[in-house]
Amino acid sequence: MGDVISFASELILDDVYEVDFGADPSRLSLVARDDASFSIGHDTTIGTPGAVVHLDSALTFMSPDSSTADAILLVEVDEAGDVVEIYLLPFSALNSKVEYRLVGIDRENGHSKFAQVACVSFTRGTQITMASGAQRPVEELVVGDRILTRDDGVQTLRWIGTSTTRAVGEFAPIRIAAGTLNNTADLLVSPDHRLFIYQRTDELGAGRSELLVKARHLVNGTSVTMDEGGFVDYFQLLFDSHQIIYAEGIAAESMLINSRTRPVLPADLSESLGKHVKGHSDLPHAGLDVNEGLLKHRDAAAMLKKASSR
């Protein structure tokens, strides 16, 4: 009928939407705020930098082949609280000339859905190094287990989050083949999961030896790939402070609590932690993130392996 996407309160189930022919995704940079809203960052390509953005709802669409696509509806407002623009953030690619039927409108769990994308997660079967040096599958861990960390010795596991989702788009895990970063077996983690690399030689030109690298930035189509298809079981491991632990023999981060990831926590746990969580809110490991531009090589993973092995 020509209507564009709108607020959840104005949407009607079974309505059909199409992406405009030739429309390309745009970058909307968001900065999480303490009140569960967001502001637009300065490195955005759309929207007004500094403007407030509210998460309106989580939507689910179904295509003619019966596959589903999840998306988040975001609303930019001005200083008076009036709507300026509405944005749709899909978690998997949406194509033109395809009819997408609206089959789900969720105004309660949008923040949790959005948070799941930001949470660093291990997949079922990942071997975690315990305090004793023994290896244990992540799905067999229990709260209270003692786990070896890189910086703080042995630490107690405080909470374990679990979720099962369709392995598509932003929810598809990244597979790092055995040996790629000196890992003992294939390591599958969520796309934004950061791996800790110690460079003996500065192959990337980062200017420092200690690095945190997002798994998604290492995808090369061969030794590091996106593992799409079916469903994936994700596990989040929380400690009193943000930690670097060992998964399949290499260093990877644990869950970091911030205003975006907090909604995945049980309400009672979130409330007990307070607004600012020491060891999380003070941005541990700050300054170790590698700029994505430094990883735009034919095989950044091979460079990092070389740098860490000398």
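Begin by selecting F38 and F114: both residues are buried, where buried means under 20% relative accessible area, exposed over 50% and partly exposed in between (1.4 Å probe, protein chains only). The model is predicted, so local features need pLDDT of at least 70 and side-chain atom pairs count only at pLDDT 80 or more, while totals for chains, interfaces and linings use all residues. Residues are numbered from 1 along each chain as its sequence is written, and side-chain values use heavy atoms, with hydrogens and water left out.

**First stop: the aromatic pairs**

The structure contains 3 aromatic pairs. Rings of Phe, Tyr and Trp (its six-membered ring) pair if their centres lie within 6.5 Å; planes under 30 degrees apart count as stacked, over 60 as edge-to-face and the rest as tilted. Keep F38 and F114 selected: these two form an edge-to-face pair, at 5.4 Å centre to centre and with 80° between the planes. The pair links distant parts of the chain, with F38 in strand β3 (residues 38–40) and F114 in helix α1 (residues 110–118), 76 residues apart. Helices (H or I, at least four residues) and strands (E, at least two) are DSSP runs, numbered from the N terminus.

Next, select F91 and F171. Their ring centres are 4.9 Å apart and their planes stand at 80°, so this pair is edge-to-face. F91 belongs to the loop between β6 (83–90) and β7 (100–106), and F171 to the loop between β13 (159–166) and β14 (174–176), so the pair ties together parts that are 80 residues apart in sequence. F91 and F171 are both buried.

**Second stop: the loop between β6 and β7**

Remain in the loop between β6 and β7 and select S96. With 26% relative accessibility, S96 counts as partly exposed. Neighbours within four places in sequence aside, S96 is in contact with V19, D20 and F21; contact means heavy atoms within 4.5 Å. For a sense of span, draw a distance from S96 to R124: their C-alpha atoms are separated by 35 Å, at 28 residues apart along the chain.

K97 is in the loop between β6 and β7. At 69% relative accessibility, K97 counts as exposed.

Now move to Y100, in strand β7. Y100 has a relative accessible area of 7% and is buried. Display its surroundings: leaving aside neighbours within four places in sequence, Y100 is in contact with D15, V16, Y17, F61, M62, S63, A93, L94 and N95. One of these, F61, is 39 residues from Y100 in sequence and 5.5 Å from it in space, C-alpha to C-alpha.

Select P64, in the loop between β4 (52–62) and β5. P64 is exposed, with a relative accessible area of 66%. Residues up to four places away in sequence not counted, P64 touches V98 and E99. A distance drawn from P64 to V83 reads 32 Å, C-alpha to C-alpha, for residues 19 apart in sequence.

D82 is placed in the loop between β5 (68–77) and β6. D82 counts as partly exposed, at 46% relative accessibility. Not counting residues up to four places away in sequence, D82 touches E76 and V77.

Proceed to H285, in the loop between α2 (267–273) and α3 (300–309). H285 is not a glycine, yet it has a positive phi of about 65°. H285 is buried, with a relative accessible area of 19%.

**Last stop: the whole chain**

Along the principal axes, the C-alpha atoms fill a box of roughly 60 × 45 × 35 Å.

Colouring by burial shows 44% of the 310 residues as buried. Of the contacts with a separation of 6 or more, 60% are between residues 24 or more positions apart.
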